[in-house]
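Reader: I'm new to protein structures. Could you walk me through one?

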Amino acid sequence: MAVRTPDPDPEPEDEGLGAFRDANPPAPDANPGWLSEFELEEARRRLPMLYVEAIPVRTDGSGQVTEIGILLRSTPMGEMTRTIVSGRVRFGETIREALFRHVENDLGPMAFPLLPPQPLPFTVAEYFPIPGVSAFHDDRQHAVSLAFVVPVTGTCEPRQDALEVTWFSPEAAGSDAVAAEMENGRGTLIRQALASLGLLR
């Protein structure tokens with residue numbers, strides 16, 4: 001079952017991969033970069049959509065990753081699922097700006113992410129509407145996502161439908177139990193992040 005969760009910004013075209021639609025979208029003319037619901041559906045039928053995804057981490061004084069942050073959410077069906085920070089890149093927005101915006105949206109303004117001037121993704125994930133084409137699935141669209149590991153130094157207070165950020169040890173984050181709770185195949189993404197950090201065991 002595909003899980004949809006809204007971006008905390010009331011901007012329907014910026015919702016994360018597998019996101020629920022915003023029940024009260026803003027007027028399309030509030031920002032020239034916004035698309036109406038109809039325009040967004042048409043674009044999704046014809047074009048791959050570009051997203052950024054972030055796996056928040058905490059590090060010790062030497063820069064070693066000690067904890068992996070994963071969001072806990074509740075679906076409209078009452079099911080609990082886990083996910084990561086995710087959202088669309090706006091027209092005219094740099095990847096760094098999009099990444100910072102979505103981390104702040106999902107984790108709150110006091111998360112204080114540490115982003116380099118030119119962030120580099122640890123992988124590129126492709127989401128397809130047809131299950132089985134790749135490890136990742138989004139029933140609405142074909143999406144290409146740049147995935148990043150983002151250290152955060154502040155207090156994370158998830159917003160909107162996210163209930164909490166759960167901090168796992170690297171070993172626990174890569175476990176089968178956590179992967180089974182992740183939506184849209186993102187357990188694979190967590191393991192790829194751990195591998196890029198040299199923490200996959």
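This is a predicted model: local features need pLDDT of at least 70, side-chain atom pairs count only at pLDDT 80 or more; totals for chains, interfaces and linings use all residues.

Reader: Where is Arg140 in the chain?

Author: Look at the loop that connects strand 6 (136–137) with strand 7 (143–151); Arg140 sits there.

Reader: And is Arg140 buried or exposed?

Author: Here you need a cut-off: buried means under 20% relative accessible area. Arg140 has 11% relative accessibility, so it counts as buried.

Reader: Okay, now a helix. Which residues of helix 1 are buried?

Author: Helix 1 covers residues 37–46, and its buried residues are Leu40, Ala43 and Arg44. They share one side of the helix, because the arc they cover around the axis is only 100 degrees.

Reader: Which residues are exposed on the other side of helix 1?

Author: There you'll find Phe38, Arg45 and Arg46.

Reader: What do the buried residues of helix 1 pack against?

Author: Two strands: strand 1 (49–59) and strand 4 (85–88).

Reader: Let's zoom out. How many helices and strands does the protein chain have?

Author: Five helices and eight strands. Starting at the N terminus, the order reads α-β-β-β-β-α-β-β-β-β-α-α-α.

Reader: How much of the protein chain counts as buried?

Author: The figure is 48% of its 201 residues.

Conventions:
Residues are numbered from 1 along each chain as its sequence is written. Side-chain values use heavy atoms; hydrogens and water are left out. Buried means under 20% relative accessible area, exposed over 50%, partly exposed in between (1.4 Å probe, protein chains only). Helices (H or I, at least four residues) and strands (E, at least two) are DSSP runs, numbered from the N terminus. The arc is that of the directions from the helix axis to the C-beta atoms. Contact means heavy atoms within 4.5 Å.
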